Structures are given as structure tokens and as C-alpha cells.
Amino acid sequence: MASAFRRKITGILDFGDIVYSYAIADLAIAIAYVVLDKSDPLSAAASVVRGYQELRPLADDEIASLFGLVLLRLCTSVCVAARQQRQRPDDEYLSVSQGPIAATLPALAAIDFDVAEAAFRNARGKTPEETLAARRRVIGPNLSVSYRRPVKIVRGWMQYLYDQAGRQYLDGYNNVPHVGHSHPRVVQAAAEQMLVLNTNTRYLHDRLALFAERLIATLPDPLRVCYFVNSGSEANELALRLARAHTRRRDVVVLDAAYHGNTTTLVDISPYKFNGPGGEGAQPWVHVLPLPDTYRGKFRRDDPRAGEKYAEFARHVRNPGAFIAESAPSVGGQIILPDRYLASVYAIVRAAGGVCIADEVQTAYGRMGTDFYAFEAQRVVPDVVVLGKPIGNGYPLGAVITTREIAASFDNGMEFFSTFGGSTVACAVGLAVLDVVEEERLQSHAREVGDHLLAGLRALPDRHPLVGDVRGSGLFIGVELVRNRETLEPATTEAADIVNALRDRGILIGTDGPFENVLKIRPPMPFTREDADLLVRRLDDVLSS
Ligand code: PMP
């Protein structure tokens with residue numbers, strides 16, 4: 001059982017009524033009581049059938065007999081209650097269901113058996129293969145699916161996911177559900193606000209400024225002005241517009257292998273895309289700096305000045321408008337930047353008149369353990385900070401925070417408006433996520449569990465030659481696989497094999513990096529030491545086999 005449940009009683013099973021019989025009888029009994037007093041008993045019944053089949057598909061003959069069994073159960077109840085009431089007329093409990101049955105049974109009995117059977121057949125849950133086929137028919141073909149045997153997840157709880165057979169998976173890499181899948185505080189905040197009002201920033205509501213104040217309080221001076229949008233892409237787009245408005249320059253400096261989003265301009269500044277399959281190469285206004293990767297790059301960990309040396313490449317760019325980088329490149333392969341890298345690049349770019357943008361979409365809100373944002377470990381203060389994924393815990397929410405000077409340059413007469421950005425619900429969700437991060441002390445938790453996980457993973461290279469490098473900070477971890485520790489030949493197919501083997505063993509992680517040979521471990525923050533031990537043990541097993 002999930003460790004989250006281990007210490008408290010969550011339910012009691014009564015084995016008193018157990019008999020050996022057809023499984024469909026159970027479903028029929030459940031439906032018989034669900035439909036009582038419902039205005040549309042057949043659709044209530046069909047909902048139960050649909051939910052049941054998410055976990056256990058029904059056979060044709062089970063579906064064919066189901067409606068009759070429901071009626072039979074209710075008729076039996078009427079007869080049994082009548083007899084028992086004659087024997088024990090004072091026992092009111094014997095007749096608790098009889099009123100609702102008397103009201104509902106005639107309506108049910110009026111439903112044509114064939115109609116009921118058809119409703120139940122339509123309520124059949126799809127198998128993963130059927131779901132995949134249905135998606136392929138109607139969804140753009142370059143939307144990928146994870147794993148060779150795709151998982152059909154129907155439920156999430158904290159750091160666990162559950163498929164339709166009820167199988168539990170340990171989520172080792174989804175960072176969007178930062179405070180946990182379906183965290184009740186966040187769900188409640190969203191649901192309560194959604195029930196009352198969800199509208200846009202052109203009306204006054206107190207939570208807009210409140211959320212901005214809370215967000216700004218997590219950031220250093222002079223980052224004091226907020227904009228809210230709906231995604232990381234929208235936030236990076238806005239960050240570029242701010243930089244361009246402020247510098248009146250178009251040229252952008254990026255890191256190799258970076259990804260910043262899915263819009264036209266962001267694909268243009270994402271080497272991961274424009275140099276990848278289907279890409280058209282760099283635009284003349286885009287300047288790519290080498291990824292400061294101290295494992296396989298030009299300057300390695302044994303060089304104490306690697307950070308400054310990588311930064312020197314920025315000097316070749318004339319008239320930069322903006323430098324944009326993840327403060328710990330995740331898409332580039334879970335890279336921890338060498339000391340003084342960002343400080344040196346920022347200094348060079350600023351001296352040349354450019355603005356420095358920190359893309360913290362993957363790394364914000366304590367994930368790195370040491371700091372609330374990854375740029376802090378590099379001892380810099382960006383001019384623009386971009387936030388996405390974790391800040392809404394799955395609700396589409398992005399934010400851009402900048403200085404008053406840059407905000408003033410952007411305020412050139414053209415209105416900025418994002419229909420859903422900063423909506424009433426978005427602010428309620430954003431505040432709830434911040435509350436949970438702080439109250440559950442998730443940053444120090446990430447540090448403690450991350451250190452433990454890193455220690456476990458760092459024992460692997462001794463036993464497994466494939467494991468070339470283990471790196472990370474907090475719950476932001478990469479395990480780089482190589483075929484040869486001298487040539488560093490990337491073990492790309494092996495990485496895919498391992499990720500798929502772990503999936504079959506109930507653990508979900510991914511791959512990243514320019515060669516897709518880095519195991520990406522970036523779990524929801526409630527991830528525990530026990531989860532870490534399990535992940536290391538399973539990875540060890542898979543590497544051994
Ligand atoms: N920046 C980074 C670093 C990202 O990883 C991503 C998404 N993977 C984005 C921006 C774009 O965010 P979104 O998909 O929410 O538009």
C-alpha cells in the first residue's frame with residue numbers, strides 16, 4: 001500500500017456478506033442502491049457502469065444480464081423487507097430502503113430492457129489500445145505518447161499515479177503537480193472559486209494584487225512587477241517582448257539544447273527544436289552559446305574556472321537584446337551550471353546593453369532544495385523571471401516578474417491583456433500552491449530527500465559501467481548513461497530501455513538531454529525517502545538485468 005496511507009485507517013471491509021457467486025451481482029447491487037431517488041435512474045446506473053469498467057471491463061453476457069439483476073435485487077429487497085417487517089414490526093431499520101424503492105422501482109420497471117442494455121454497452125471504458133487508436137484518429141500525429149506500452153492513468157494522488165486497472169505508479173518525473181497530484185488544498189481552492197466567480201483582470205478583485213505581492217515576496221529586489229499569463233510559453237513570449245521594448249533590440253542569446261516553448265518565436269529561440277527533427281536552423285538574430293555542461297562539454301569539473309570560461313562565448317554577440325536561459329538547464333540534460341557561470345554571462349550581456357531573463361519554468365518553488373529559485377544558487381538577480389508549470393500545480397498558470405524600469409518601457413500605450421491570465425480562479429489556485437509550498441516546508445523536504453536520493457544514485461556507477469554521471473540538486477536530478485566512460489558515447493537506446501523497464505516495474509521517469517541519454521528525475525515534491533529508496537532499488541535491478 002502507498003506509504004501515505006499506511007499509518008491511518010481509511011476504511012473497514014465487512015466480510016460478513018461474502019458469498020461465492022457471479023461478480024456481476026456485486027455491481028448490480030451497487031447500482032440498485034445508487035439509482036434510488038435519482039431523477040434519471042438509467043443515466044445514474046450508466047455512470048456506475050462506466051466507473052466500474054475503468055477498472056474491470058465487463059463481458060458481453062455480464063452487460064446483457066445487468067439490468068435484470070438490478071431489478072431483481074430491488075424486488076428481492078421488497079419481499080425480504082415485507083417478511084421481516086411482519087416478524088419484527090418495531091424494527092425501523094428493516095424498512096430504510098423501502099420508501100425510495102417504492103418511488104423508483106416503477107420508473108425502472110418501465111424502462112425497456114434493450115434500452116438499458118444499450119446504455120450499459122455505451123458506458124464501456126476503453127482499453128489503452130482503444131484509447132490510443134481513438135486519439136490517433138483525431139489528434140495531430142506529432143503529439144507523442146510516453147513509453148512503448150503507453151500508460152492510461154485515471155487517478156493521481158500526491159507522488160502516485162493509478163492506471164485503470166488500479167495499479168499504482170511512483171511518479172518520479174512530473175514536476176507540474178509540484179505539491180502533489182490532486183492536492184486537496186489546491187483542488188478545494190479552485191473548486192470553491194469556480195463555484196462563485198471566474199473572470200478576468202479588467203474587474204477588480206483582491207486576490208490579483210495579493211497573489212502578486214506573495215509572489216514578489218519570494219523574489220529579490222528589484223523584481224517588483226508581475227504579469228500573469230497561462231503557460232510557460234506565454235510567459236517567455238511576454239519576457240521577450242519586455243526585453244525588446246526595453247532595449248529596442250531584437251537579438252536573443254540562448255544556450256544550446258534549450259527549449260523555451262511552443263510558439264513561433266519561442267521555437268526560433270529553442271535550439272532543441274530548430275536544430276532538431278523538422279527544425280530549420282537558427283535565425284540570424286538568434287545566437288547560441290555552448291551548453292555549460294561540465295561532464296561532456298569543453299570545460300570540465302576539474303577546471304575551477306569552467307563557469308567563467310563558458311561565459312566568455314557571450315562576448316562574441318554584438319548588440320544582444322536579451323539573454324535567456326534556464327537557471328539549471330533541464331531540457332539540456334538536468335545540468336547544474338558551474339559556479340559563476342550566470343554571474344559572468346549576465347555581466348557580459350548587461351555591459352553590452354542586453355537584458356537577462358531567467359526561465360525558471362522547471363526549477364522554481366524550492367525544487368532545487370538549496371534555494372527557492374535556481375538562479376539564487378548562481379548568486380545573480382535576473383532582470384526578468386519566467387514562471388510556469390509548478391506555480392499552478394496543473395492549473396494553467398504562468399507569471400513574469402520584472403523590474404519597474406522594464407515594466408515602464410513596456411508600458412508604451414499598447415494595452416497588455418491575457419484573457420485567462422490572473423483570472424479569479426488562477427489567483428486562488430496560485431495562492432493555495434504558495435501556501436502549501438510554505439506550510440509543508442517543501443523546499444527543505446526537497447533538499448533532505450534529494451540528498452538521500454543523490455547518495456543512493458551515486459552508489460550506482462561503481463556497480464554499473466553504464467552510469468557515467470549522477471548530478472543534481474534537491475529533487476532535480478539527472479543520471480547520464482554512457483557506453484564508454486572515456487569517449488562518453490551516449491547510451492541513448494539503453495536509456496529508453498531502462499525507462500520502459502522501470503515503467504513495467506511501476507516507476508515513471510523520463511529521458512532528456514541533447515542525446516536523450518540522461519535519466520530525468522524530477523518528482524512531485526511530496527516524494528519521500530522511502531520512494532527514493534524504491535526508485536534506486538528498482539533502477540539498480542533494471543541496470544543489473
Ligand atoms: N520553458 C521551459 C524551460 C520548459 O521546459 C517549458 C515546457 N517544457 C516551457 C518553457 C514552455 O512551457 P509550456 O509548455 O507551459 O508552454
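**Patch, cavity and pockets**

F15 sits in the loop between α1 (3–6) and α2 (23–34). This is a predicted model, where local features need pLDDT of at least 70, side-chain atom pairs count only at pLDDT 80 or more, and totals for chains, interfaces and linings use all residues. Residues are numbered from 1 along each chain as its sequence is written, and side-chain values use heavy atoms, without hydrogens and water.

Me: Why is F15 called exposed?
Reply: Its relative accessible area is 57%. Exposed means over 50% (1.4 Å probe, protein chains only). So F15 is exposed.

Me: What makes the nonpolar surface patch?
Reply: L13, F15 and I18 make it, with about 390 Å². Patch residues have over 30% relative accessible area and no salt bridge, and nonpolar side chains are joined within 5 Å. A salt bridge is a side-chain nitrogen of Lys or Arg within 4 Å of a carboxyl oxygen of Asp or Glu.

Me: How many cavities does a search of the whole structure find?
Reply: There are 3 of 30 Å³ or more. A cavity is a set of points on a 1 Å grid where a 1.4 Å probe fits but cannot get out. Strand β7 (residues 322–326) gives the largest share of its lining, 3 residues.

Me: What volume has the largest pocket?
Reply: About 1600 Å³. Of its 42 lining residues, S144, S146, Y272, K389 and K520 are closest to the centre. A pocket is an open set with protein on both sides within 12 Å along at least five of seven lines; lining residues have an atom within 4 Å of a point.

Methods: Patch = residues over 30% accessible without salt bridge, like charges linked within 9 Å, V, L, I, M, F, W, Y side chains within 5 Å. Areas by Shrake-Rupley, 256 points an atom, 1.4 Å probe, with all protein chains shown as cover. Helix = DSSP H or I, 4+ residues; strand = E, 2+ residues; numbered from the N terminus. Buried < 20%, exposed > 50% of the residue type's maximum accessible area, 1.4 Å probe, protein only. Points joined across faces, edges and corners; volume = space filled by probe spheres on them.
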